[in-house]
Amino acid sequence: MTTTAIRVRGLRKHYPGAARPAVDGIDLDVEHGEVVAVLGPNGAGKTTVVEILEGYRHRDGGEVAVLGTDPGRAGRDWRVRIGVVAQTATDLLDLTPAEAVRHFAGYYPDPRDPDDVLELVGLGGVRQLVGQLSGGQRRRVDVALGIVGRPELLFLDEPTTGFDPQARRDFWQLVRALAAEGTTILLTTHYLEEAEVLADRLAVITGGRIVADATPATLGGRRHRPATVDWLEGGAPRSESTDAPAALVARLAARFGGEVPGLAVRRPSLEDVYLELLATGQAPVELAAAGGAR
Amino acid sequence: MTAAGLAPLPSALPLGLARGALEVKRFFRSREAVVFTFSLPTVLMVLLGSVFGDHGEPAGVTSSQVLAAGMIAAGIMSTTFVSLGTDIAGDRDDGTLKRLRGTPMPAAAYFIGKIVLVAVTTVAQIALMLAVAMALFGLTLPATVGDWLTFGWVFALGVTSCSLLGIAISSTARNARSANAITQIPYLALQFVSGVFVTPITALPDGLVTTASFFPVKWMAQGFRSVFLPDSMAAYEPAGTWELDRVALVLGAWCVIGLVLCLTTFRWRRGQDG
């Protein structure tokens, strides 16, 4: 077995009639056991990339190896080893989650116990038909069907869309548990917080290219950005940008003779850095360098 | 460390039968499907049969009995061509096929599942229509082994050809709703030109009968009339005989055409997906 779960070199895809290629030369590596989040605005090419990796779409150029196999030519042996949670499905409405999960378990040689899977995704004891469930609960059915085959590599395409905050936290717990078992996970999401919490590494795609590939802490040079210190002085909000926030706080503490009213120290959020990346996304080389990308 | 290396992959036949059980369960849970698919041919048969009444045809046969034999052919087309065409377009539309493509389920299992669904619904449909026709119109079941054999092969060839054509036509539909319209038009038109609603078929203009002769419904209806009506009624067929050899030939040819169309046009994805 190769050491890399996903290896992509120079991937290209141009839909007929489109002005620009949807995927314009992407390189990506995902190691076994890694959780990688692919971020990017709508239409950036995320889903195209993921669907090529899943074997749903043909590519126009480049090399792709997923679990050592070209997904365009992969057979059932390969499908046993991957799990797919795709976007937008409205099938299975006339079945209960348990019926669906039990049926799909039959496709795999060594499935998880269907009842365990239902418990794991928080659908234990749900007796209604899928068509009567909320959007968030239906998404859990999708996830259950994606993991019932005990995949080595799991694709999650915007898995928590429509989840309430509690359901999202529960889902994160589940992804962490799967990752702890050694499952490699490729995740696309629009929620920066989700990416930050779950992913070992982030790849930002825009205009069909990867403009940054880094850990959540270092994306876009985030770790080295100046911090912002906020406080209140004479009832008015004050704010200062600094590379040495601890020193500034110490000076403020001395000046106030103890507690500083309204004190807060902020780093740029992942969302700040991400939006900046997209705004300047036309210069991938410089940004990758600035971001300390691997 | 892969599971595939340890345990063998489940084989297509048991998975197909499991899919069939699931399809049948889903079918009977979606009530509109049951009501419409099932009742439409029977309701039409009852209404038209009441209109035609007991208008005597010779040999003690009534118009409603002639109608019933032809309506059974239409009933088969309904549960095969119309239902399957709409159903598979729906599977493409709602993500069923995409989800299945993401699993190690073999493609054959999907089609075995559809065959089971069509077999169950068609047998139930024909049983219902026969029961109603026997109760209301005095239709009698075939009396001889030969007639039962004819019934069997006309049924088998009719179901096979119309199912394959249903699968093929599903690929031309953009979504499930358009698939319903696309399948209804040939379904209704062929019933008219094939002498299902208008009996005997010789009452139709020659041009229509010639057109109908290129398609399966006319021959299925003719085959079923040979089974359920006395042989003297063969005089009311276009050729003056039951032409069973030609029934077999045309339905067999449509099986081959349907298979070729399926193999060349079947898509797992919707049209707009690149």
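The second largest pocket of this predicted model has a volume of about 450 Å³, where a pocket is, on a 1 Å grid over the protein atoms alone, an open set of points that a 1.4 Å probe fits, with protein on both sides within 12 Å along at least five of seven lines, and a volume is the space filled by probe spheres set on the points, which are joined across faces, edges and corners. Its lining is made of 20 residues, and A:Gly55, A:Tyr56, A:Arg79, B:Arg101 and B:Trp268 are those nearest the centre; a lining residue has an atom within 4 Å of a point. Helix H2 (76–81) of chain A and helix H5 (96–101) of chain B each supply at least two residues of this lining, with the largest share, three residues, coming from H5(B); helices here are DSSP runs of H or I with at least four residues, strands are runs of E with at least two, and both are numbered from the N terminus. Sorted by class, the lining holds eight nonpolar, six polar and six charged residues, with Ala, Val, Leu, Ile, Met, Phe, Trp, Tyr, Cys and Pro counted as nonpolar, Asp, Glu, Lys and Arg as charged, and the others, Gly among them, as polar.

Between chain B and chain A, 31 residues of chain B are in contact with 31 residues of chain A, contact meaning heavy atoms within 4.5 Å. The two chains bury about 3000 Å² between them, 60% of it on carbon and sulfur atoms; this is the accessible area (1.4 Å probe) that the two parts lose on being put together, summed over both. Five salt bridges are found across the interface, each a side-chain nitrogen of Lys or Arg within 4 Å of a carboxyl oxygen of Asp or Glu. B:Lys98 forms a salt bridge with A:Glu51, with 2.5 Å between the closest N and O atoms.

The structure also holds four cavities of 30 Å³ or more, a cavity being a set of points where the probe fits but cannot get out. The largest cavity contains about 70 Å³ of space, and the residues lining this cavity include A:Asp91, A:Phe104, B:Arg19 and B:Arg99. Helix H2 (12–29) and H5 of chain B are the elements that give two or more residues to this lining.

Residues are numbered from 1 along each chain as its sequence is written, and chains are lettered from A and ligands numbered from 1 in the order in which they are written. Local features need pLDDT of at least 70 and side-chain atom pairs count only at pLDDT 80 or more, while totals for chains, interfaces and linings use all residues, and side-chain values use heavy atoms, with hydrogens and water left out.
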